[in-house]
Amino acid sequence: MSARVGIIGIGQSNFQARRDDASYPDLVREAVVLAMKDANLGFDDIEAVVYSLSPDAMVGIGNAERLGVDAVGARNKRFLRINTGGATGISSVATAWTHVAAGACDVVLTAGADKVGECGDSQTVLNKIWDPIYERSLPLGTINMLAMSAVRYMHKYGMTEDDMARVVVKNRRHAAKNPHAHLRKETTIEEVMASRMISWPVKLFDCCPQSSGGAAMILASERYIKERGLDAVWITGLAHSSESYYLGDRMGRHVTADHADAHALAASFRKSYAMAGIKDPARQVHAAELYAPFSNTEFHSIEAAGLAGLGQSPAMLREGAFALGTNAGPVVNASGGVLCTNAIAVTAMSRIAEAALQVWGRAGERQVKGARIGIASGNGGDHQFFGTMVVEA
Amino acid sequence: MTARTRIGVVGAVIKPCIAEDGTLSLEERLHQAMHETLVDARMTTADLEGIVVAANDQYDGRAISIMMASAPLGGVDRDILSTPSAGEHAFVLGALRIASGQFRTQLVAAWSPTEASSIPEAQRLAADPYFHRRLPLDELSAAALQANALEHAAPGAGDLAATLLATNRANGARAFPSLVSADIEPGRLTRWPLREGTVPAPVTGLVVMMLASEDFVTERGLGPVAWISGMGWATEPAFLGDRELASAPALQAAAKQAYGEAGVTDPAASFDIAEVTDVTPYQQLLALEGLGLAARGEWQAKLAEFGPKGRLPVNLSGGVGSLNPVYCTGLIRIAEVANQLRGRVGAHQKQGVRRGLAHAASGPAMQYQTVVVLESAKGSAAA
């Protein structure tokens, strides 16, 4: 395998429901400026840009990356856009890694932004990801899609609605310590249970918000980092894996992957761990930033990451696992996770940014004490595309 | 790219114009083309380590078009990414993924359906919603503005463009006699100075390629192979008002990258064939200049060199001016050059091709520029 690739700069907006003060390119630029300042670099230092943008329809502009070229300073430079739905952010960081690992560039910027809070109704947009003939008219959305996963998980492993609420309570407590998070108000199991039913068993508080904001990261080669004596953390493992497109292929008697679990996410984590040399993630990982836009999906993500056995994570959470301040085992979503902030185009990038800040020891009030190994994941499409990454100090 | 491994094109299937007869869905056509590519490469699905695809959500009528393509292209349980910025960017990323050492093989695909009720309307959605969308500005309008700018900067460009178009259409008629006619009926003005008969109508098309590392090629004894010896890509901004449309600085940047890697110091004397993107023949003139094949003052004198019997035939396939599957025209240019080097193009094959040049351009007025140098034998001496 190639020489190491390091993260040398991170920029994130303070995500909100609306950003009427900033256009879409303005939001991208905001994150880029923060990352440049963090890395102490100028635009002349950037050799290539990987643009992170999920569905065009979310920002109401076709191929909106074209309007972002100046925002990221890419004029007459290497530039391409990545889209794997919700996984786009992690796929973009992986692609930036690829540029450096391939020897094409020493310094690569990846950046993007989203205005989900201003798109009208994200579920109307997201319904259009399904096949127009067979599944779009059901009508499917990402909420009822993953509500069906919750029902299946309840049936297989005995998860309760209280268990789901417990995830929300933990993550909101974490988000209250994260200045970048969108939903920062702590809550209780009772409040979650009393919130409006959206798609049984998923209630309003079990759902992620629709956020607006940007994120950017700068990656560099080990040679560049060492020659300039830069501070960095390292990407030591990365992979992607995919499931089928049609939800019908995950249900019934002849499933290719059970909709309760996250089969391809687990496969992706296995590949990332193998690359990073991690053999026992439950013991070795300190901070996990797992893409879970609905409370129930955090459980199968924890299990796919190898931090708990199949069906065991709800009971572990009941015993106090995965929370900041816990004395043993990995902390899951110390940032508050997707459940508290979801600007889709960069949500999975924030997962890596947060894991990187943890192992860098720069996570402020949400710092996991002594974190040296962090992991991140991103899910895209109809729970179809999964990207994973290992970040180490 | 200081490639840690040499990367080759070991399979390529081009469908530049698919009849919309309703017999097969896009998924079925992609699956069929993937299998044809595997057969061409003498590989099986089990050899497939990763996939990069490119498609346009607005043309496809889907919010994330990669989703549909995952299964037909073998993506389930595999690593699949998409580069919706341009079809040719899928090739760039596929090659980078192998060069990184993480993969030994990559399937690369792009497609362009014509089922959208209006492709120009779909393109207008890409304009800034506040200032430019109401103009209305589609890609043909941008190409026409570029043609005007070039005619102003280089008087006489229109006459040269007419000659180039005639050459390309004649090439297209030889390459695809059932699809392309050499006769040009200019017809009425569509966007000044472009006339309806001189701009290619959008058609449905797709292209699938297989890339492999040198060690994989050697281990499996694969061939023929078109080796990537240089690759460059760059962008200009989207807003036409910020650009000098009669020049192509991003193309010059991309060519500099590609030629630097390939060791090409005199491009005009270095290639046996070239495929360049020419939504209009004015774009071909800009490409010839940006690629260093003919300076602006040399266009007239060098035009014969680029004909089918010339020293450096350009667009033996007929180019985009003959067949225009809008979104995948750039990747098709790369696949055409690869198949020329592999001796696989059919009627328009040039004999003895050892080094070829592919130019891909996408977006309004050639916003994205990509240059790929391919060679038939590894280690060919640079010019």
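Both A:Arg81 and A:Asp56 are buried, where buried means under 20% relative accessible area, exposed over 50% and partly exposed in between (1.4 Å probe, protein chains only). Their side chains meet in a salt bridge, with 2.8 Å from N to O; a salt bridge is a side-chain nitrogen of Lys or Arg within 4 Å of a carboxyl oxygen of Asp or Glu. This is a predicted model, in which local features need pLDDT of at least 70 and side-chain atom pairs count only at pLDDT 80 or more, while totals for chains, interfaces and linings use all residues; side-chain values use heavy atoms, with hydrogens and water left out. Residues are numbered from 1 along each chain as its sequence is written, and chains are lettered from A and ligands numbered from 1 in the order in which they are written.

**Salt bridges**

- Side chains of opposite charge can pair when their charged atoms come close.
- Over all chains, a search of the whole structure finds 48 salt bridges.
- A:Arg81 lies in strand β3 of chain A and A:Asp56 in the loop between β2 (48–52) and β3 of chain A, so the pair ties together parts that are 25 residues apart in sequence. Helices (H or I, at least four residues) and strands (E, at least two) are DSSP runs, numbered from the N terminus.
- A:Glu118 and A:Lys115 also meet through their side chains in a salt bridge, at 2.9 Å from N to O. A:Glu118 is partly exposed, with a relative accessible area of 24%, whereas A:Lys115 is buried at 12%.
- In the salt bridge of A:Arg283 with A:Asp280, the closest N and O atoms are 3.2 Å apart. A:Arg283 is exposed, with a relative accessible area of 72%, and A:Asp280 is partly exposed at 31%.
- In chain B, a network of salt bridges links B:Asp47, B:Glu49, B:Arg104, B:Asp215, B:Glu219 and B:Arg220.

**The interface of chain B and chain A**

- In chain B, 58 residues are in contact with 56 residues of chain A, contact meaning heavy atoms within 4.5 Å.
- The area buried between the two chains is about 4500 Å², of which carbon and sulfur atoms give 55%. Buried area is the accessible area (1.4 Å probe) that two parts lose on being put together, summed over both.
- Two salt bridges are counted between chain B and chain A. B:Arg62 forms a salt bridge with A:Asp131, and their closest N and O atoms are 3.7 Å apart.
- On the side of chain B that touches chain A, the elements giving two or more residues are α2 (57–60), α3 (66–70), β3 (79–82), α4 (87–99), β8 and α9 of chain B. The largest share, six residues, comes from α4(B).
- By class, that side of chain B has 28 nonpolar, 17 polar and 13 charged residues. Ala, Val, Leu, Ile, Met, Phe, Trp, Tyr, Cys and Pro count as nonpolar, Asp, Glu, Lys and Arg as charged, and the others, Gly among them, as polar.

- Helix α9 (residues 249–262) of chain B has 14 residues and reaches 20 Å from its first C-alpha to its last, close to the 20 Å expected at 1.5 Å a residue. The expected span is 1.5 Å times one less than the number of residues.
- The buried residues of α9(B) include B:Ala250, B:Leu251 and B:Tyr259. Among the elements that cover the buried residues of α9(B) are β3 (78–82) of chain A and β8 (226–235) of chain B.
- Just after α9(B), B:Gly263 takes a positive phi of about 75 degrees.
- Helix α2 (residues 88–101) of chain A has 14 residues and reaches 19 Å from its first C-alpha to its last, close to the expected 20 Å. In α2(A), 14 of 14 residues are buried.
- A:Gly103, which follows α2(A), has a positive phi near 85 degrees.

- A:Ser242 is found in strand β8 (residues 233–242) of chain A and counts as buried at 1% relative accessibility.
- Leaving aside neighbours within four places in sequence, the contacts of A:Ser242 include A:Ala264, A:Phe385, B:Ser70 and B:Ile80.
- A:Glu190, in helix α6 (residues 189–194) of chain A, is exposed, with a relative accessible area of 58%.
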